[in-house]
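I opened my notebook to record what I looked up in this structure. The entries below follow the order of my reading.

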Amino acid sequence: MKKIVVFTGAGVSADSGLATFRDADGLWANYRIEDVCTPEALARNRALVIEFYNKRRRELDNVEPNAAHRAIAELERWYDVDVVTQNVDDLHERAGSSRVTHLHGELRKLRSERNPDVIVPIKGWEQHLDDRGPDGALLRPHIVFFGEAVPMFDTAARIASTADMFIVVGTSLAVYPAASLVHYVRRDVPIWLVDPGNPDTRLIRNPLTHIKKRAAEGMPELVRELETVAGR
Ligand code: APR
């Protein structure tokens, strides 16, 4: 079976109703990164940071995977598929994708402020200020803040290097090291980009096809095309 790696960003969840970050109505148009997505913010204003992620977690309970998530999951019928996502939502998993690597953490998990290896699932959507983990330390969102290490990057880079086909869906390719994942794809491997906008593809040397459509429309079309190729 040929290997497909699908690399996704906030745009793949936009059609489920979740805000992206850098679009006009995106999260970073309404919140300052330095207030809610840095270790300093957590130390300076823990309540605001926890409230920001509680709000996003509560939103997640009210949205469903969209046709793009479902099409990506369906690819597993014909290909060996790995999803590498920058998203912290669980929509890929809920759509049925069986191998999902989260580069920037997961909304539905918390971790010890003392030991980053102590990671616990959260019950419901609300983290309380004084919630503590099994190690007795205070808990924090299991999210990679700006300025923090991206522990899963090496795993993701290794996955990208095994791709026979690479699909990029709904990311501006503006944040590193995540965006550099495209450089770990073997040079002859074709890359598809599904995005109505214009991500920064200047550094992509691979054969590139840009499907300039919303993911919920462009992804099912691409999957139908790839199914035909697989069926030959
Ligand atoms: N379908 C497909 N793509 C879409 C859609 C849609 N319906 N709507 C918007 N997009 C595209 C935009 O054109 C843009 O290229 O999704 C991308 C969203 O870019 P960003 O908002 O920058 O989101 P992302 O690339 O995931 O951000 C990367 O930045 O803030 C950090 O940790 C955060 O993981 C995030 C990282």
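**Ligand contacts**

I began with polar contacts, pairs of N or O atoms within 3.5 Å. One N or O atom in the side chain of D195 is 2.6 Å from an oxygen atom of the ligand. I then found a backbone N or O atom of A215 at 2.8 Å from a nitrogen atom of the ligand. The protein covers 93% of the 730 Å² of accessible area that the ligand has on its own (Shrake-Rupley method, 1.4 Å probe). Q86 also has a backbone N or O atom 3.2 Å from a ligand oxygen atom.

**Ground rules**

I noted that this is a predicted model, where local features need pLDDT of at least 70, side-chain atom pairs need 80 or more, and totals for chains, interfaces and linings use all residues. Residues are numbered from 1 along each chain as its sequence is written, and side-chain values use heavy atoms, without hydrogens or water.

**The shell**

How many residues surround the ligand? I counted 22, with a heavy atom within 4 Å as the test. The closest are F21, R22, T171, S172 and D195. By class, the shell has 8 nonpolar, 9 polar and 5 charged residues. Here Gly counts as polar.

**Aromatic pairs**

Next I checked the rings of Phe, Tyr and Trp (its six-membered ring), which pair if their centres lie within 6.5 Å. The count comes to 8 aromatic pairs. W28 and F52 form one that is stacked (planes under 30 degrees apart). Their centres are 6.1 Å apart, with 20° between the planes. W28 lies in helix 2 (residues 27–30) and F52 in helix 5 (residues 46–60), so the pair ties together parts 24 residues apart in sequence. Helices are DSSP runs of H or I with at least four residues, and strands are runs of E with at least two.

**One loop**

Last, I looked at the loop between strand 7 (165–169) and strand 8 (191–194), where P177 is found. A cis peptide bond joins Y176 and P177, with omega about 5°. L173 lies in the loop between strand 7 and strand 8 too. Its phi is near 55°, a positive value in a residue other than glycine.

Key. Polar contact = N/O pair within 3.5 Å; in protein donor to acceptor, adjacent residues only side chain to side chain. Phe/Tyr/Trp six-rings, centres within 6.5 Å; stacked < 30°, edge-to-face > 60°.
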